[in-house]
Structure formats: C-alpha cells, structure tokens
Amino acid sequence: MNKLIYLYGVSQAGKTPTLGQLIRKLNATGIYRLIDCVSYDNSPVEIENICTDKLAVFLNDQTGITICIGTKGDGDREIDDNINWFEQTHIDRKTGRSLLCDIAISACHKKHNTKNKLDDFAEKYSIVPIQFEKITKGDFKEAEKDTIKIVKEIIKVLD
C-alpha cells in the first residue's frame, strides 16, 4: 500500500456521488482499466450510477498501479468492509495476475470513528493519508462544482 486517500464529511454531504464520479472518470480516461466493480453484498453493480455504493478496482496497465475504491464510509462496518477490500487480492481476469492495492480511496464520516479507523489503517502501512473534505452545499450547482473540483484533485494525487 503506497497511498491512502479519504474523502470525509458529514452524512449526506455527497461523498458517495463524488467517489462515484471519480470511478466514472477513471473508467473513461483509458489510462485506468476497470478490474472489478461490485456492491457491498458482492453483486455486480452498474458503474454509471454514481449514487450507488460500490467497491471498485482499477489497474493502470502502463505503471502497474492498482487503485481500490470504497464509496461507503459513515459507519464502522462500512469502513471495515473498505479496509478488507483494500487488503484482499484481486484477480485481473484479462491476464490472470493477482493484484494488491497500491492506492486506497475511501469515504469516511467527519465526526464518527471511521476517520480514526482509516488513520490507524494508514499507520499500519506507514503512510500519511491524503484527506479531502466534502462540504455540504445547499445549492445543487455549487455542490456539483465542489464534486468536480475534488475529483480533479484526487486524480492529480494519483499521478
């Protein structure tokens, strides 16, 4: 594990749609290849629905870097699910290779213990987490601008 990025905020701040947009953007770049995308009950999920909670894995075939994303994060169990996703081996169906997560991206709650759990996870791998805050906006257009800005900033950190 090389990097942990987390998006924190209060409940209903828009963390899931922001990470859903990130998943869509990574999938559309052509740089990152989607290896897996499932719901939290391990059933297939539509990548285009940005508001559905999901777990995703991407591979950059040029660099070999694997990115794992968990969009849930308001509760302890959800963070435990994300951490388990980050630590498990993922199989690239195209090549048959086993992949471990190099970069983990998770949502977490600003006030609950979930942020602390991710900090402990980062400490386990001796990495300093990169944090982004999702601030609730009353105006839809402002919230959308905030989402686009955060997605762009996270993608910069991936490079």
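Buried residues are those under 20% relative accessible area, and exposed residues are those over 50%. The model shown in all views is predicted.

**View 1. The open sheet of six strands.** The strands follow the order β2-β3-β4-β7-β1-β8, and their pairing is mixed. At the edges stand β2 and β8, each of which pairs on one side only. From one strand to the next, the twist averages 20°.

**View 2. Strands β4 and β7 within the sheet.** Strand β4, residues 66-70, runs parallel to β7 and is joined to β7 by four bridges. In this pair, C68 stands opposite A104 of β7.

**View 3. Helix α1 across the sheet strands.** Helix α1 comprises residues 15-29 and lies across β1, β2, β3, β4 and β7. Relative to β7, helix α1 runs at about 160°.

**View 4. The buried face of helix α3.** Helix α3 spans residues 114-124, and its buried residues are T114, K115, L118, F121 and A122. Down the helix axis these buried residues fall within an arc of 120°, so they line one face of α3. They pack against four elements: strand β1 (3-9), helix α2 (76-87), strand β7 (103-109) and strand β8 (130-133).

View 5. S126 follows just after the helix, with a positive phi of about 55°. This residue belongs to the loop between α3 and β8. Most residues other than glycine have a negative phi. S126 is not a glycine, yet its phi is positive. The relative accessibility of S126 is 68%, over the 50% cut-off, and therefore S126 counts as exposed.

View 6. N42 has a positive phi of about 75°, although N42 is not a glycine. With a relative accessibility of 58%, N42 is also over the 50% cut-off and so counts as exposed.

Technical notes. Residues are numbered from 1 along each chain as its sequence is written. This is a predicted model: local features need pLDDT of at least 70, side-chain atom pairs count only at pLDDT 80 or more; totals for chains, interfaces and linings use all residues. Side-chain values use heavy atoms; hydrogens and water are left out. Buried means under 20% relative accessible area, exposed over 50%, partly exposed in between (1.4 Å probe, protein chains only). Helices (H or I, at least four residues) and strands (E, at least two) are DSSP runs, numbered from the N terminus. The arc is that of the directions from the helix axis to the C-beta atoms. Contact means heavy atoms within 4.5 Å. Two strands pair if DSSP finds at least two bridges between them. Axes are lines fitted to C-alpha atoms, for helices over the stretch in contact, and angles run from 0 to 180 degrees between N-to-C directions.
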